[in-house]
Amino acid sequence: SGQPIVQIDAFTTAPFGGNPAGVCLLTRERDADWMQLVAREMNLAETAFLRRRSDGAYDLRWFTPAVEVDLCGHATLASAHLLYQDGHLANDAVARFHTLSGLLTARRTGSAIELDFPAAAPDLIPPPPGLAEALAATPVAVSKNRMDLLVELDSDATVRALQPNLDQIARLPTRGVIVTARSADPAYDFVSRFFGPAVGVPEDPVTGSAHCGLAPYWAAKLGRSSMTGYQASARGGVVGVELAGDRVLLRGQAVTVLRGELLT
C-alpha cells in the first residue's frame, strides 16, 4: 500500500477555512529530495513530514513547494491534530516535535490545540528601501526579527485592503513581510496578513510562526500577554496567543478535509 497523506485546515473550525497543510506520517525513512517533491506536488503553503522516534516523540520537517523552512505553525497544529485524531497520541498526552527550531510541544486544551513556540520579538528598524513602494502603503513602524519584517499600518481597513507588489516584496532581504494593525472588531486585538513570495508563498492564509513576532509586538503595545489575532486573508483564521517569557503559546483548532495515499 502507499504512503498515507492528509490535508488539514488549521486555525479554523470550518472546512475550507484557515490554512491548509499537508501532513505525512512517514511509514519508512524518506530523503529530503522526496519530501520536497511531495510538497511541490501538494502545492500548499507547507507540507509536514513526521517520523516517530523510539522515545515516542516525533521528528518534524516542513517544506513549502520551493524550500524547507525552519518554523511553521499551522503545519505543526495540523500535525498534532492528526496524531490526536487518529489515536497515535492519547488526548491527555503532550506531542513532542524535534525540529530545526528545537523541541516544540503541543497539547490539547478543550477543543483547541496549544503550541509552545519560541518567541521572536522584533526590533524597530528604519524602513528598508523600497518597502513602502512594495506595499503601496505608508508604514507606521517597521520591525524585524530573525524571520520576517513586521510592518504596522495605520488601520485594520488598510491591512485588509492591501494589494502589495509581490515581485518587489520578494526582493526584500527577509523570509516574508507581516502587515498588522489594531483590530476594528472587538472580538480580536490585532489583525495581520503575511506575504512570503521569496519562499514560494505569495500570501499565506494563517501564519502561526508570524504570531511568534506579533505576540511580543502587540503585548508591548497593548500591555497584556494574552490576546487574539485575526489573519485577514481570503480564507481567514484565528490565532490565540499568550506571551510566556521567551515562549509564545499559540492556540487554534483544525479540521481534516482530505485523506489519500502517495503511490510512489
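Reply: Strands β1 and β2 run antiparallel and are joined by five bridges. Two strands count as paired if DSSP finds at least two bridges between them. Strands are DSSP runs of E with at least two residues, helices are runs of H or I with at least four residues, and both are numbered from the N terminus. This is a predicted model, in which local features need pLDDT of at least 70 and side-chain atom pairs count only at pLDDT 80 or more, while totals for chains, interfaces and linings use all residues. Residues are numbered from 1 along each chain as its sequence is written, and side-chain values use heavy atoms, with hydrogens and water left out.

Because seven of its eight residues are buried, β1 is largely enclosed by the rest of the structure. Buried means under 20% relative accessible area, exposed means over 50%, and partly exposed lies in between (1.4 Å probe, protein chains only).

Next, follow the chain out of β1. Phe-16 sits in the loop between β1 (3–10) and β2 (19–25). With 67% relative accessibility, Phe-16 counts as exposed. Its phi is near 70°, a positive value in a residue other than glycine. Most residues other than glycine have a negative phi.

Together with Val-257 and Leu-258, Phe-16 makes a nonpolar surface patch of about 310 Å². Patches are made of residues with over 30% relative accessible area and no salt bridge; like charges are joined within 9 Å, and nonpolar side chains (Val, Leu, Ile, Met, Phe, Trp, Tyr) within 5 Å. A salt bridge is a side-chain nitrogen of Lys or Arg within 4 Å of a carboxyl oxygen of Asp or Glu. The areas come from the Shrake-Rupley method with a 1.4 Å probe, and for residues only the protein chains shown count as cover. Val-257 belongs to strand β18 (residues 254–262), and at 30% relative accessibility Val-257 counts as partly exposed.

Asn-43 is exposed, with a relative accessible area of 57%.
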